[in-house]
Amino acid sequence: MTDLNPKAFKADAAPKLVGLKAIDSAALARLIEEVRNTGDATVDTTAYNRTYHRHNR
Amino acid sequence: MPSGAPFVLDTVLLKVASRCNLNCSYCYVYHMGDDAWRSQPKRMSVDTGERIAEQLGEVFRTQGTPFSVVLHGGEPLLLGRKRLETLLASLRRALPHPCGLHLQTNGVLLNDDIIDVLVAFDVGVSISIDGPAQTHDAFRVDHRGRGSHAQVVEAIARLRARGDASPLFAGVLAVIDPQSEPAAVYASLKSSGAPGIDVLVRDGNWDHLPFGKAAAATTEYGVWLSGFLQAYLTDPEPPRVRLLDDMLRLLLGGRSQKEGVGLSDYGILVIEPDGEIQKNDTLKVAHAGADRFEHRWNIHSDQLMDILASEVYAAYHTQQQPTSEICKACPDLEVCGGGMVAHRWRATTGYENPTIYCADQKHLIAAMRTVIADLSPREPTSTAA
C-alpha cells in the first residue's frame with residue numbers, strides 16, 4: 001500500500017519550460033482571448049457538443 | 001448536489017457493445033479486476049436502444065439544456081451497421097440538434113459504410129490513438145497481440161478524405177505512456193489532422209499504483225505532461241489540447257469542461273448494453289462493482305427522470321467533489337479539482353484522499369503558473385488561489 005503523506009505532495013521548485021516566451025504562444029493567446037471575451041469555455045453549444053468526447057481506453 | 005442546484009445531465013455514455021476487438025493492456029473495462037462485462041449482452045438490443053432514446057427525449061424536454069450522447073463500449077462499432085443506424089435514428093428523433101451524438105472508437109471497424117451512417121445522423125467521431133506506432137502498438141493490440149496503429153491511421157485517413165465526413169472528425173484521444181517522448185507524441189497526434197487532442201493518465205489508485213509511477217510522491221506523469229505542455233505552447237499552429245486548455249483556462253480565470261478538472265459539476269449517466277443504469281464506469285478501477293448502484297435500475301423497468309431526481313443519484317453525483325482535508329486546504333484545488341474520483345480510492349479510507357496523481361498535478365500546475373506569470377500584467381489573471 002502506498003504511503004499517504006501530505007508532505008509528499010509539494011511541487012518541485014518552479015519547473016520552467018525551456019525556451020518558451022509565454023507572450024508568443026499561440027495556444028495561450030487563444031485561451032486568453034476566449035476568457036476575455038466569454039468568461040468561460042462554452043463558445044456555443046454545438047461546438048461544445050461536437051468536441052465533447054469521452055474516453056475509451 | 002454541492003451547490004444545491006438541480007442535477008443537469010450533460011453526458012450520456014451508452015455502452016452499446018460489451019466486448020472489444022482490441023485487447024489494450026491498460027483497459028479499465030477488461031483488465032482492472034471487474035468482470036461485469038461478461039454478464040452483459042454482447043450488443044445493445046434495438047428494443048433497449050428505443051427505450052433509452054424515448055426516455056432521454058423526456059429528459060431533454062424537461063431540463064431544456066442540451067446534452068451529448070457518446071456511443072462507447074467495449075468497441076461501439078461492434079454493434080454493426082444496421083443496428084447502429086437504427087439506434088442513431090431513434091436517438092436523433094428524440095434528441096434534435098443542438099444535442100450531440102458522438103462516437104468514441106478505436107477506429108479499426110471504421111469503413112465507408114459506417115461513415116455513411118455517421119454522416120446521415122451527424123455523429124462526431126473521436127478516435128483512440130496513443131501517438132507514434134512504437135508507443136501505440138506497445139499497448140493497443142488485438143487479441144493476438146498484434147499492434148493496431150496502421151489500421152487506426154488508415155481509418156483516420158478514410159474519415160478525413162471524405163468531404164462529407166471530415167467535419168465529423170472531432171479529435172484523437174491518447175493514453176499516456178510516461179516512458180514515451182512527449183514532444184514526439186504531440187507531433188504524432190497533431191499529424192492526424194484532428195482539431196482536438198486529449199490525453200489521459202493511466203488508471204490506478206492508492207492501493208494499485210498506475211503504470212509507470214514509482215511512488216505517490218514521484219512525478220513521472222507531471223514531468224511528461226509538462227513536456228507535452230511545452231510542445232503545445234511553442235507550436236505556432238496548435239490544435240486544441242483539452243486537458244491543458246481546461247487547466248490553463250482555470251488559471252486564467254475561466255472555466256473548465258473536462259471531467260476530473262476543476263470543481264465544475266459533471267453530469268454523467270452511464271447505461272449498459274442491457275439497459276442497466278450505472279455510475280461513472282471509471283470507478284471500476286477502484287474495485288469490482290464500484291460503479292454499481294445498490295438498487296439495479298434498468299431502463300426497462302425504471303424511469304430516468306425518477307432516477308436522476310433521486311437522493312441516491314444526488315449522493316453519487318456529490319461524490320465528484322473532493323472530500324479529503326488535504327485537498328480542501330490545497331491552493332491548487334480549483335484547478336486540479338481533486339482529480340478523477342476513481343484515482344482517489346484507497347481501501348482503508350475510501351475516496352477521501354487526494355488523487356494518486358496529486359504530486360504530478362502539482363508539478364504540472366506549477367509549470368503552468370510559471371508560464372502565466374511571464375505574461376504581461378494587463379492579461380487576465382487567475383482567480384484560482
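Student: Why does Gly64(B) count as exposed?

Tutor: Gly64(B) has 7 C-beta neighbours inside 10 Å, so Gly64(B) counts as exposed. This is a predicted model, in which local features need pLDDT of at least 70 and side-chain atom pairs count only at pLDDT 80 or more, while totals for chains, interfaces and linings use all residues. Residues are numbered from 1 along each chain as its sequence is written, and chains are lettered from A and ligands numbered from 1 in the order in which they are written.

Student: Where does Gly64(B) lie?

Tutor: Gly64(B) is found in the loop between H1 and E2 of chain B. Helices (H or I, at least four residues) and strands (E, at least two) are DSSP runs, numbered from the N terminus. Gly64(B) follows H1(B) and has a positive phi, near 80 degrees.

Student: How do you know that the span of helix H1 of chain B agrees with its number of residues?

Tutor: The expected span of a helix is 1.5 Å times one less than its number of residues. For the 18 residues of H1(B), 46–63, this should be 26 Å, and the end C-alpha atoms are 26 Å apart, which agrees.

Student: What makes the buried residues of H1(B) line one face of the helix?

Tutor: The buried residues are Thr48(B), Gly49(B), Ile52(B), Ala53(B), Leu56(B) and Val59(B). The arc is that of the directions from the helix axis to the C-beta atoms. Seen down the axis of H1(B), the buried residues fall within an arc of 130 degrees, so they line one face. The face turned away from that buried side carries the exposed residues Asp47(B) and Arg61(B).

Student: Against which elements do the buried residues of H1(B) pack?

Tutor: They pack against several elements of chain B, including strand E1 (11–15), strand E2 (68–72) and helix H2 (81–94). Here, two residues are in contact if their C-beta atoms, placed from the backbone, lie within 7 Å.

Student: Why is E1(B) called mostly covered?

Tutor: Five of the five residues of E1(B) are buried. Thr11(B), Leu13(B) and Lys15(B) point one way, Val12(B) and Leu14(B) the other way, and all are buried.

Student: How do you know that E1(B) and E2(B) pair?

Tutor: Two strands pair if DSSP finds at least two bridges between them. Five bridges join E1(B) to E2(B), which run parallel; Leu14(B) has Leu71(B) as its bridge partner in E2(B). E1(B) also pairs with E8(B), in the parallel sense, over four bridges, with Val12(B) opposite Leu269(B).

Student: What is the order of the strands in the sheet?

Tutor: The nine strands of this open sheet of chain B follow the order E7-E6-E5-E4-E3-E2-E1-E8-E9, with mixed pairing. Strands E7 (240–241) and E9 (277–278) of chain B each have a single partner strand, so one side of each is left without a neighbour in the sheet. E8(B) and E9(B) pair in the antiparallel sense over two bridges, and Val270(B) stands opposite Gln278(B).

Student: How many helices and strands does chain B have, and what makes the chain as compact as a globular protein of its length?

Tutor: Chain B has 13 helices and nine strands. The radius of gyration is taken over C-alpha atoms, and the globule rule is 2.2 Å times the number of residues to the power 0.38. For 385 residues the rule gives 21 Å; the radius of chain B is 20 Å, close to that, so chain B is as compact as a globular protein of that length.

Key. Buried ≥ 20, exposed ≤ 12 C-beta atoms within 10 Å, placed from the backbone.
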